[in-house]
Amino acid sequence: MRIGISCYATLGGSGAVATELGKALAARGHEVHFIVSGIPFRLGLYQENIFIHEVETASYPVLHSSPVDLALAAKMADVIKHYDLQILHVHYAMPYAVCAFLAREMLYNHPVRIVTTLHGTDITVLAEDPLLRRLIRLGIERSDLVTAVSNSLIEQTIELFGPRQSMIKISNFVDLQLYKRSTKNEWRKRFSPNGEKVLMHISNFRPVKRVSDVLKTFFKVRETLPAKLILIGEGPDLDAAWRLSEEMGMARDIHFLGKRDEVVALLSAADLLLLPSEKESFGLVALEAMACGVPVIGSLAGGIPEVVEHGKTGLLSPIGDVDDMAKNARALLTNDRLWSAYSRAARARAAQFSASEIVAGYERLYECLIESS
Ligand code: GMT
């Protein structure tokens, strides 16, 4: 098949999933065209069957801002026409499904099928703006197929939009060959020179991640046992997190590592992943942690309970309940047998989200869409 993919190129689960999907489809022999505003961060080395079409927007003195999304729509139209794409799979309704709709309008009767995957933020955050909501609705309703990454996200979309067409849940996935716990781990020695427990948080430090809850939970855990906190990623709340760690007198036990590529090696050094989000349509990082045998201490937000099995592969608490999260973390960290059982169950649970099966599912959906056009 000839498939186009558009996604956010920057750090984030949607870009990671879209890029891994594109790479897997290319490995299966499909021609994959990324139509993007930057090189997707998970793209890695050159791979056969992958083409990158980067959108460049000129700025003109007369325009207040550069017409980025319109330029993307025009680029999509160009690539669809030039490579005769059969599928354009966009990740996020805003702006990508709207751009895809415009692109197809530009080409009049081109048979390309538009698949939109909802990842959360457009539904759970952007849709609060009534103007954007109308656009998001347009993107959703003019797609030929809409998928969402969790049942929770489907329910929220129905509640907000009551869209005319149905949606299909296709979970995010993880490559189990790549994401597995490595035992020879240099990071562990660095983080835990005296056998301290290692708690980890990985995110883009947006307010919805509640990074201050990560620190408060860690503070309570550290009161009763020697522990270190590793913070990976960057984003708007990073500075505040750094300041809070100083104010709480924990700076020596917290390592800020910034944006990192070696996520598997880092996760392999962790005893627990902390994910206390306020909103989380899926929680890809929880899945990746579980694949590396890391149990999750998190919140009951959105799709997290569909990924992390409470009482088996992690322990979940109401949003903001840092006392409960700390209690849960201590329960796992102070009982090696319990931790090992959770760690094994976490890996087994991750196997239910294996990349090969979920990618094959997407492939079948594309084929059905093309046949029905
Ligand atoms: O969580 C973020 O801030 C990043 C965002 C994104 O655009 O990548 O993540 C969303 O999509 C991921 C992939 O489907 C999900 O795993 C995340 O749960 C979802 N984030 C939110 O719903 C807040």
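Predicted model: local features only at pLDDT ≥ 70, side-chain atom pairs only at ≥ 80, totals over all residues.
A crossing of two helices is left-handed if the near helix is turned anticlockwise from the far one by less than a right angle. The chain is assigned two domains, domain 1 (2-173 + 354-371) and domain 2 (186-353), and residues of both contribute to the shell around a ligand.

- Domain 1 is made of two stretches of the chain, 2-173 and 354-371, while domain 2 covers 186-353.
- Taken over C-alpha atoms, the centres of the two domains are 30 Å apart.
- Where they touch, domain 1 provides 19 residues and domain 2 provides 13 residues.
- On the domain 1 side of this contact, helix 1 and helix 6 (151-161) are the elements that give two or more residues.
- That side of domain 1 has 8 nonpolar and 11 polar residues, with no charged ones.

**Around the ligand**

- The ligand has 21 residues around it, and the nearest of them are G12, G13, S14, H119 and G120.
- Two elements give two or more residues to this shell: helix 1 (13-27) and helix 4 (121-124).
- Helix 1 supplies the largest share, with 4 residues.
- By class, the shell holds 12 polar, 6 nonpolar and 3 charged residues.
- Domain 1 and domain 2 each give the shell at least three residues.

**Helix 3 with helix 5**

- The axes of helix 3 (residues 93-106) and helix 5 (residues 130-141) come within 8 Å and cross at roughly 55 degrees.
- Angles from 65 to 115 degrees count as roughly perpendicular and those under 35 degrees as roughly parallel, so helix 3 and helix 5 are oblique to each other.
- Their crossing is left-handed.
- Helix 3 makes the contact with A93, M94, A97, V98 and F101, and helix 5 meets them with L132, L135, I136, L138, G139 and I140.
- The residues of this contact comprise 10 nonpolar and 1 polar, and none is charged.

**Helix 11 with helix 14**

- Helix 11 (residues 284-291) and helix 14 (residues 336-350) have axes that come within 7 Å and cross at roughly 120 degrees.
- An angle over 145 degrees would count as roughly antiparallel, and 65 to 115 as roughly perpendicular, so this pair too is oblique.
- The contact brings together L287, M290 and A291 of helix 11 with A346, R347, R349 and A350 of helix 14.
- Here the classes are 5 nonpolar and 2 charged residues, with no polar ones.

**Two backbone details**

- Most residues other than glycine have a negative phi, and most peptide bonds are trans.
- The peptide bond between M94 and P95 is cis, with omega at about 0 degrees.
- P95 lies in helix 3, and its partner in that bond, M94, is one of the residues through which helix 3 contacts helix 5.
- N49 has a positive phi of about 75 degrees, although it is not a glycine.
- To find N49, look in the loop between strand 2 (31-36) and strand 3 (50-54).

Notes. Residues numbered from 1 in each chain as written. Axes fitted to C-alpha atoms, helices over the stretch in contact; angles between N-to-C directions. Contact = placed C-beta atoms within 7 Å. Nonpolar A, V, L, I, M, F, W, Y, C, P; charged D, E, K, R; others polar. Near = placed C-beta within 6 Å. Domains from an automatic or database assignment.
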